[in-house]
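Trainee: I would like to learn how to read a model like this one. Can you take me through the features in turn?

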2 protein chains.
Amino acid sequence: MADLLTIGEVAARAGLRTSALRYYEEEGLVRPASRESGRRRYDPSVLHRLAVIGLFQDVGFSIREIRRLLKRGGTAWRPHAARKLRELDDRIARTGEARELLLTVLACDCDRLEGCDRVRGGHRRRPLPGGGPARPSPRTRRRPA
Amino acid sequence: MADLLTIGEVAARAGLRTSALRYYEEEGLVRPASRESGRRRYDPSVLHRLAVIGLFQDVGFSIREIRRLLKRGGTAWRPHAARKLRELDDRIARTGEARELLLTVLACDCDRLEGCDRVRGGHRRRPLPGGGPARPSPRTRRRPA
DNA sequence: GTGCCACTTCAAGTATGCTTGAAGTCAACC
DNA sequence: GGTTGACTTCAAGCATACTTGAAGTGGCAC
């Protein structure tokens with residue numbers, strides 16, 4: 001059965017621009033689609049992959065990180081994934097803290113956010129000298145149109 | 001008492017570069033520091049503000065959004081903060097999903113991530129036509145050095 | 001056969017969040 | 001007085017994740 005999708009259909013269903021799909025292909029996030037007279041034809045399963053990509057992207061992984069996660073089996077894939085898992089735990093904790101902070105200031109009406117005592121301790125970034133990237137460094141996702 | 005900090009000291013304690021601090025001042029995230037013969041002198045309280053900024057930044061808010069949140073009292077500040085709160089709830093949920101997904105693939109050793117059934121449903125991006133920004137669009141944070 | 005539309009490639013542009021470089025200033029130490 | 005080191009401003013550069021524009025192609029309707 002040839003229930004393949006055009007790039008326009010995939011884009012519409014995934015909530016992306018066609019340019020994003022071409023970019024993902026170029027970056028190796030999705031396999032190059034088969035062609036019919038030059039035009040891309042996608043297997044519907046690409047939609048699921050795009051959902052996974054979108055999920056990881058939303059939670060702060062860069063395209064290169066996602067590519068590494070999705071290309072299983074590379075050397076040290078497992079430690080990489082495990083590291084990412086710990087990052088997610090960190091991220092969940094920080095997001096909870098931010099949520100608490102926002103709740104507090106929404107509730108207490110105090111004028112200075114700084115006095116709220118909510119953030120003290122535990123929020124320092126790692127020192128500059130050495131030690132690699134200080135943070136996971138989430139990416140910028142462009143909103144469609 | 002003049003226990004004010006130089007920009008270098010603030011940077012070291014906050015885990016930032018001095019260039020970031022100047023940038024934050026320029027962008028209105030922190031008030032312009034007082035000057036001593038041209039050089040910035042910071043009140044130590046700026047460290048707490050920087051921690052708050054870092055926290056919100058880490059959980060996906062842009063500098064402009066953070067500025068709005070920290071400049072309380074502007075028109076519609078409260079609805080803005082409330083909206084951000086809902087965004088955080090979304091983000092926490094999605095991060096949890098990503099975590100589950102990573103856990104699954106780490107555990108099950110299956111070769112295709114697509115078959116894991118973990119992400120189906122609920123992960124579509126909003127349709128393109130109208131409706132404003134499809135996503136909160138977290139920012140890129142440069143890692144120091 | 002002539003529109004038209006969705007597609008193609010490729011190069012260049014955009015927004016965010018900074019960093020880097022050039023050129024100069026200030027205070028302190030020798 | 002000279003050098004050093006941390007600072008100053010300003011302009012330009014960079015990475016990420018795409019978008020946009022130009023110029024052309026393929027197939028279908030009329």
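Mentor: We start with confidence, then go through the sheet, the loop and the helix packing.

Trainee: What is the mean pLDDT of chain A, and what share of residues reach 70 or more?

Mentor: Keep in mind that this is a predicted model. Chain A has a mean pLDDT of 81. In that chain, 73% of the residues reach 70 or more.

Trainee: Over which residues of chain A is the pLDDT below 50?

Mentor: The general idea comes before the case. Where pLDDT is low, predicted coordinates should not be read in detail. In chain A, pLDDT is below 50 over residues 117-139. That stretch still has 47 contacts in the model beyond near neighbours in sequence.

Trainee: Next, the layout. How many helices and strands are there in chain A?

Mentor: Chain A has five helices and three strands. Read from the N terminus, the elements run β-α-α-β-β-α-α-α.

Trainee: What percentage of chain A is buried?

Mentor: Of the 145 residues in chain A, 30% are buried.

Trainee: How many bridges join S1(A) to S3(A)?

Mentor: Two bridges join S1(A) to S3(A), residues 39-42, and the two strands run antiparallel. In S3(A), A:Tyr42 is the bridge partner of A:Leu5. A:Arg41 in S3(A) is the bridge partner of A:Thr6.

Trainee: How many bridges are there between S2(A) and S3(A)?

Mentor: Three bridges, again in the antiparallel sense. Here A:Glu36 has A:Arg39 of S3(A) as its bridge partner.

Trainee: Turn to chain B. What is the strand order there?

Mentor: Chain B has an open sheet of three strands in the order S1-S3-S2, with antiparallel pairing. S1 (5-6) and S2 (34-36) of chain B each have a single partner strand, so one side of each is left without a neighbour in the sheet. S1(B) pairs with S3(B), residues 39-42, over two antiparallel bridges. B:Leu5 stands opposite B:Tyr42 in S3(B).

Trainee: Where is A:Ser37 found?

Mentor: A:Ser37 sits in the loop between S2 and S3 of chain A. The hairpin of S2(A) and S3(A) has two residues between the strands.

Trainee: What is the phi of A:Ser37?

Mentor: Recall the background. Most residues other than glycine have a negative phi. A:Ser37 is not a glycine, yet its phi is positive, near 45 degrees.

Trainee: Is A:Ser37 buried or exposed?

Mentor: A:Ser37 counts as exposed because it has 5 C-beta neighbours inside 10 Å. The cut-off for exposed is 12 or fewer.

Trainee: Where is B:Ser37, and what is its phi?

Mentor: B:Ser37 lies in the loop between S2 and S3 of chain B. Its phi is positive, about 45 degrees, although B:Ser37 is not a glycine. B:Ser37 is exposed, with 5 other C-beta atoms within 10 Å.

Trainee: Last, the helices. At what angle do the axes of H5(A) and H5(B) cross?

Mentor: Two packed helices are described by the angle between their axes and the distance between the axes. The axes of H5(A) and H5(B), residues 77-108 in each chain, cross at roughly 160 degrees and come within 9 Å. H5(A) is therefore roughly antiparallel to H5(B). The crossing is left-handed.

Trainee: At what angle do H3(A) and H5(B) pack?

Mentor: The angle is about 120 degrees, and the axes of H3(A), residues 46-58, and H5(B) are 9 Å apart. That makes H3(A) oblique to H5(B). This crossing is left-handed.

Trainee: Which residues of H3(A) and H5(B) meet?

Mentor: From H3(A) come A:Leu55, A:Phe56 and A:Asp58. They meet B:Arg94, B:Glu97, B:Ala98 and B:Leu101 in H5(B).

Key: Residues numbered from 1 in each chain as written. Chains lettered and ligands numbered in written order. Predicted model: local features only at pLDDT ≥ 70, side-chain atom pairs only at ≥ 80, totals over all residues. Pairing = 2+ DSSP bridges. Helix = DSSP H or I, 4+ residues; strand = E, 2+ residues; numbered from the N terminus. pLDDT = per-residue confidence, 0-100. Contact = placed C-beta atoms within 7 Å. Buried ≥ 20, exposed ≤ 12 C-beta atoms within 10 Å, placed from the backbone. Axes fitted to C-alpha atoms, helices over the stretch in contact; angles between N-to-C directions. Parallel < 35°, antiparallel > 145°, perpendicular 65-115°, else oblique. Left-handed = near helix turned anticlockwise from the far one by under 90°.
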